[in-house]
Amino acid sequence: MKTKTPLLLCSFVLLAACAGEPQAPVAPASSPATSAPEAPAPADAFMARLAEHCGEAFAGRIVADEPPPEGDDPFAGKPLVMHVRECSATELKVPFHVGDDHSRTWVITRTDTGLRLKHDHRHADGSPDAVTMYGGDTDGDGTAVRQSFPVDAESVAMFGREGLKASIQNTWAMEIEPGQRFLYELSRPGGRLFQVEFDLSQPVEPPPAPWGHE
């Protein structure tokens with residue numbers, strides 16, 4: 001038994017020495033790199049913002065009308081209401097009601113390159129107006145807040161045919177800040193500027209269906 005004691009003591013000393021040595025930190029296993037989700041295209045973001053209000057209607061007011069219209073103003077003194085009435089992944093239909101005039105519907109469509117705005121004008125019996133489905137396509141990316149639509153060739157031809165020479169230089173624009181405001185704009189290089197702003201913070205009773213869309 002005495003011959004084993006020094007061996008046992010030596011073993012204990014070695015174990016104690018090893019236990020006291022600092023251990024090198026173990027590097028954590030590296031996780032695979034994850035890329036941030038790709039931001040939606042401005043056209044898609046704009047559509048999604050407007051679609052947040054699908055089914056809701058909002059009152060508006062004219063915030064710019066320059067120069068003032070000559071003769072009777074079809075918008076003066078009448079309630080203005082927009083209604084985000086029909087929504088799909090590629091198209092939104094937004095009637096614009098002016099008092100008892102339910103002839104106007106904005107049609108916003110996703111295209112391969114951006115957005116298209118058309119104005120669907122109808123008579124009370126639902127038949128198309130002589131000047132209808134005019135508008136244009138975006139000519140740039142725009143932003144999630146604002147998109148602009150220069151007049152297209154088809155609309156220029158229609159305006160010329162119907163004697164609406166001033167309209168062949170039209171550019172329309174829309175702005176959307178969900179829960180805050182929506183702006184519809186018409187402008188021309190000669191100084192024409194028409195804007196209607198809608199309060200998205202206060203929904204109103206939806207109006208009847210626009211003519212031709214019952």
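## The disulfide

Cys-54 and Cys-87 form a disulfide, with their sulfur atoms 2.1 Å apart. The term covers a pair of cysteine sulfur atoms within 2.5 Å. A search of the whole structure finds one such link. The link of Cys-54 and Cys-87 is right-handed, with 115° about the S-S bond.

Cys-54 sits in the loop between helix H2 (42–51) and strand E1 (57–66), and Cys-87 sits in strand E3 (residues 86–87), so the pair ties together parts 33 residues apart in sequence. Helices (H or I, at least four residues) and strands (E, at least two) are DSSP runs, numbered from the N terminus. Cys-54 has 36% relative accessibility and counts as partly exposed. Cys-87, at 31%, also counts as partly exposed. Buried means under 20% relative accessible area, exposed over 50%, and partly exposed in between (1.4 Å probe, protein chains only).

## Basis of the model

This is a predicted model: local features need pLDDT of at least 70, side-chain atom pairs count only at pLDDT 80 or more, and totals for chains, interfaces and linings use all residues. Residues are numbered from 1 along each chain as its sequence is written, and side-chain values use heavy atoms, leaving out hydrogens and water.

## Aromatic rings

Rings of Phe, Tyr and Trp (its six-membered ring) pair if their centres lie within 6.5 Å; planes under 30 degrees apart count as stacked, over 60 as edge-to-face and the rest as tilted. The count comes to 10 aromatic pairs. In one of them, the ring centres of Phe-96 and Trp-106 lie 5.0 Å apart with planes at 25°, so the pair is stacked. Phe-96 belongs to strand E4 (residues 91–98) and Trp-106 to strand E5 (residues 101–110), so the pair ties together parts 10 residues apart in sequence. Both Phe-96 and Trp-106 are buried.

Ring pairs also link Phe-75, Phe-96, Trp-106, Phe-182, Tyr-184, Phe-194 and Phe-198 into a cluster.
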